[in-house]
Amino acid sequence: MVVVSSGGGGGGNAWAKEMTIRRRMASIFNKTQDHFPCLKDYNDYLEEVEDMTFNLIEGIDVEEIEAKIARYQQENAEQIYLSRAKRAEDLAAALKASRMNPGKAAASDTAAGSSQGISSSAGVQGQYAPAAVGMSQPRPTGMPPQPIGGSSDPLQGDDEETMRLRAERGARAGGWTIEMGKRRALEEAFSSIFI
C-alpha cells in the first residue's frame, strides 16, 4: 500500500516533485537540435539542462539555479514562446490527422513525437499524438466490440454439436488447436513410460 502525504512538509511525493520540476524545465528550456550548429553544442545544452534539473530536484544551489532560469527566460522569451506555439501546432495537427484518417496520421504523430524526444523506431502502428493540457486522447476508431452470443451468433442452442463448436472456437481464439492438445497428451503419455 502506498501512502502519499499531501502536506507541505518535506516528506511529500518525490516522484510528483520531480515530474513537476522536469515539466517546468522542459517548458522553459525547449530548444531542439535545429537551434544549434552542431550535435555537440546541442548535447552540451541538454547536459546543462539535466544538471540544473537534477540540482533542483535534490535541492542543491536552488537560488543560483532559479536566478539562472529567470535570466534565461528573460533573454530567450521570444524563442520560448515560439517553441511552445510550434509544439502546440504540431500536437493539434497530429490530433486532427489522427481523428480524420487514422492510417495516414502516422507521419504527423511521428513528427509531433520527435519534437518531444519520443522514439518512433517501434513502428507507426498504434501510436497516438501526445495529449496537450486540457485535451483528451484520441480514441481508436473502427468496429466497436461485438457481444458474444448475440442474435447474429449462429452457434445458439445447447445441443452437443453446438457446444463442441463453441469450445473449439474458444480454444482457437486463445491460440490453441485440437492437434496441440492431442500432441501434448501423447508426449506426456510416452514420456512417463520410460521413467
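Buried residues account for 17% of the 195 residues in the chain. The model is a predicted one. Its secondary structure consists of seven helices and zero strands, giving the pattern α-α-α-α-α-α-α when read along the sequence.

### The nonpolar core

The largest nonpolar core has 15 residues, and those touching the most other members are M25, I28, F29, Y45, L56, I69 and Y72. Three helices, α1 (14-28), α2 (39-58) and α3 (62-75), each supply at least two residues of this core. The largest share, six residues, comes from α2.

L56 is one of the core residues with the most partners inside the core. Leaving aside residues up to four places away in sequence, L56 touches K17, I21, R24, M25, V62, I65, E66 and I69. Two of the partners named there, M25 and I69, are also listed among the core residues that touch the most other members.

### Helix pairs

| Pair | Axis distance | Angle |
|---|---|---|
| α2 and α3 | within 9 Å | roughly 135 degrees |
| α3 and α4 | 4 Å | about 80 degrees |
| α1 and α3 | within 11 Å | roughly 30 degrees |

The axes of α2 and α3 cross at roughly 135 degrees. Because of that angle, α2 is oblique to α3. The crossing of these two helices is left-handed. On the α2 side the contact is made by Y45, E48, M52, N55 and L56, which meet V62, I65, E66, K68, I69 and Y72 in α3. By class, the residues of this contact are seven nonpolar, one polar and three charged.

Helix α4 covers residues 77-100 and packs against α3 at an angle of about 80 degrees. That angle makes α3 roughly perpendicular to α4. From α3, the residues in the contact are Y72, Q73, Q74 and E75, and from α4 they are A77, Q79 and I80. The contact of α3 with α4 has three nonpolar, three polar and one charged residues.

For α1 and α3, the axes cross at roughly 30 degrees. Angles under 35 degrees count as roughly parallel, and α1 and α3 are therefore roughly parallel to each other. Here R24, M25 and I28 of α1 contact E66, I69, Y72 and Q73 of α3. The class counts for the contact of α1 with α3 are four nonpolar, one polar and two charged residues.

Y72 of α3 takes part in the contact with α2, in the contact with α4 and in the contact with α1. Y72 is also listed among the residues of the largest nonpolar core that touch the most other members. I69 of α3 is in the contact with α2 and in the contact with α1.

### The loop between α1 and α2

Q33 sits in the loop between α1 and α2. Is Q33 buried, exposed or partly exposed? Its relative accessibility is 40%, so Q33 counts as partly exposed. Not counting residues up to four places away in sequence, Q33 touches L39 and Y42. Q33 and Y45 are twelve residues apart in sequence, with a C-alpha to C-alpha distance of 9.7 Å. Y45 belongs to the largest nonpolar core and is one of the α2 residues that meet α3.

Definitions and conventions: Residues are numbered from 1 along each chain as its sequence is written. This is a predicted model: local features need pLDDT of at least 70, side-chain atom pairs count only at pLDDT 80 or more; totals for chains, interfaces and linings use all residues. Side-chain values use heavy atoms; hydrogens and water are left out. A nonpolar core is a set of buried Ala, Val, Leu, Ile, Met, Phe, Trp, Tyr and Cys residues joined through side-chain atoms within 4.5 Å. Buried means under 20% relative accessible area, exposed over 50%, partly exposed in between (1.4 Å probe, protein chains only). Contact means heavy atoms within 4.5 Å. Axes are lines fitted to C-alpha atoms, for helices over the stretch in contact, and angles run from 0 to 180 degrees between N-to-C directions. Angles under 35 degrees count as roughly parallel, over 145 as roughly antiparallel, 65 to 115 as roughly perpendicular and the rest as oblique. A crossing is left-handed if the near helix is turned anticlockwise from the far one by less than a right angle, and right-handed if clockwise. Ala, Val, Leu, Ile, Met, Phe, Trp, Tyr, Cys and Pro count as nonpolar, Asp, Glu, Lys and Arg as charged, and the others, Gly among them, as polar.
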